[in-house]
Amino acid sequence: MLKQTPLNSLHRAMGARMVDFGGWDMPVNYGSQIEEHHQVRRDAGMFDVCHMLVVDVTGSGIREFLRHLLANNADKLKEPGKALYSCMLNPNGGVIDDLIVYFMREDWFRIVVNAGTAEKDVAWMEQQRAAHAPQLTIKPRRDLAMIAVQGPNAREKTWQAIPGSRAATEPLKPFQAAEFAQYFIGRTGYTGEDGFEIMLPVAEAGSMWQTLHDCGVAPIGLGARDTLRLEAGMNLYGQDMGEDVNPLEAGLAWTIDLVSPRDFIGKQALLAKPATMQMLGLVLLDKGVLRGHQKVVTPHGVGEITSGSFSPTLNQSIAFARMPQAVAVGDTVQVEIRDKLLNAKVVKLPFARNGKALI
Amino acid sequence: MSIPANLKYTKSHEWARPEADGTVTVGITHHAQELLGDMVYVENPAVGRQLAVGEECAVVESVKAASDVYAPLAGEVVAVNSAVADSPEQINQDAYAAWMFKIKPTNPADLNGLLDATAYQALVESEAH
């Protein structure tokens, strides 16, 4: 039996094609995935992200706990509402999950984790809490739903849908959140566009989805979510990173603080095994479609595509590839697709941001 | 969308249409394109290639996934539709108009072994459950 979000029947009513996504019955598209992709880059779209899990950490000494738990430095969170993207590593330096942590008060931090890893994440946090910070409380919030509204017009349309929310959320900078009435609204997302992620009581999720729809926000499936995040250069857990991948070889070095004296879980392991590979973008020059696990042939050794698809913004195929460190932006490499070697250009990530192609 | 009665079908979701000149035109079904979603790439067999029945001979790729296309019957490829390779979205717009290639069958009677519209309809319905 697949798990359902509170929006399941609305997806069906809006014509969604549903798929099994890691045990959840989720909409992959509502017609055309490419149209949905453009809708987000050009106007506004909404995503059901209720399958992701909100976890609240409360008590005294949270900062100290997070300094140890997370690879990124929670001390960067100074202003209330500020959010930070971080990996949570195991002692071998593998990625248990990637997450966003919001600093609300010194005695309340909110963490949002991936759906597929949620149980494992909470168990790991709980184990660390018991060992290092028994005074803290870690509370999974399955009573909260989450809807992401993304696109150049996403904020305006959200303000129409939630009257009175504008004053509280217009001053938010990217990666910052605020509470308004029963809503928790963060200026975050997974598309490379402006917008909000709205957390709200499960009982209100359906009416919020409908109201946003009435305000001209189109429903967007997981298919377009994947091409949007790929163009935006954002990793997907389980595909571009995981417990068996060195995060320094997965384009995550910018999130891992190896410089400060702070010790965190996984740090010693990462210091002991320097990266020999790197993650870069590929744009296919020949006709075809790049896909995960295809082999990349370079003069410096072989690499592998971790995520690949067709980019609606660039109108050609793009990918993330893990390749030897000697490969440089601007090089041409070959990708093996069905026994043929096709040419691809190595590029810097991301491919697109805020409606514009960057390649 | 209804399943055209004048075509023959395979279990792997190709359609085949016998032409007056003895060739057989091949494409993928409306149901197949619906499952795959927005088409972005089509790779056809080379003209002149000899195909065995059931042989992987073409590829269609949507944004979501790649899918092999199998020869519905044995024969020689005598034509390919380059317009559909240039604009793969034609398959989404009308899967029965957007043909992929034409075969000159080794044995024209092989067509009788394919599914008719009623049998294909039943297959699609059984897969939906």
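Of the 129 residues of chain B, 49% count as buried, where buried means under 20% relative accessible area, with a 1.4 Å probe and protein chains only. Please note that this is a predicted model, in which local features need pLDDT of at least 70, side-chain atom pairs count only at pLDDT 80 or more, and totals for chains use all residues. Residues are numbered from 1 along each chain as its sequence is written, and side-chain values use heavy atoms, without hydrogens and water.

Let me stay with chain B. Its C-alpha trace spans about 35 × 30 × 25 Å along the principal axes. For 129 residues, a compact globule would have a radius of gyration near 14 Å, and the 14 Å of chain B agrees with this; the radius is taken over C-alpha atoms, and the rule is 2.2 Å times the number of residues to the power 0.38. Chain B has four helices and nine strands, these being DSSP runs of H or I, at least four residues, and of E, at least two. From the N terminus, their order is β-β-β-α-β-β-β-β-β-α-α-β-α.

I now turn to chain A. How do two of its helices meet? The axes of helix 3 (residues 62–69) of chain A and helix 4 (residues 118–132) of chain A come within 11 Å and cross at roughly 120 degrees. A:Phe65, A:His68 and A:Leu69 in helix 3 of chain A meet residues of helix 4 of chain A, among them A:Trp124 and A:Met125; contact means heavy atoms within 4.5 Å. By class, this contact of helix 3 with helix 4 of chain A has four nonpolar, three polar and one charged residues.

Definitions and conventions
Chains are lettered from A and ligands numbered from 1 in the order in which they are written. Axes are lines fitted to C-alpha atoms, for helices over the stretch in contact, and angles run from 0 to 180 degrees between N-to-C directions. Ala, Val, Leu, Ile, Met, Phe, Trp, Tyr, Cys and Pro count as nonpolar, Asp, Glu, Lys and Arg as charged, and the others, Gly among them, as polar. Buried means under 20% relative accessible area, exposed over 50%, partly exposed in between (1.4 Å probe, protein chains only).
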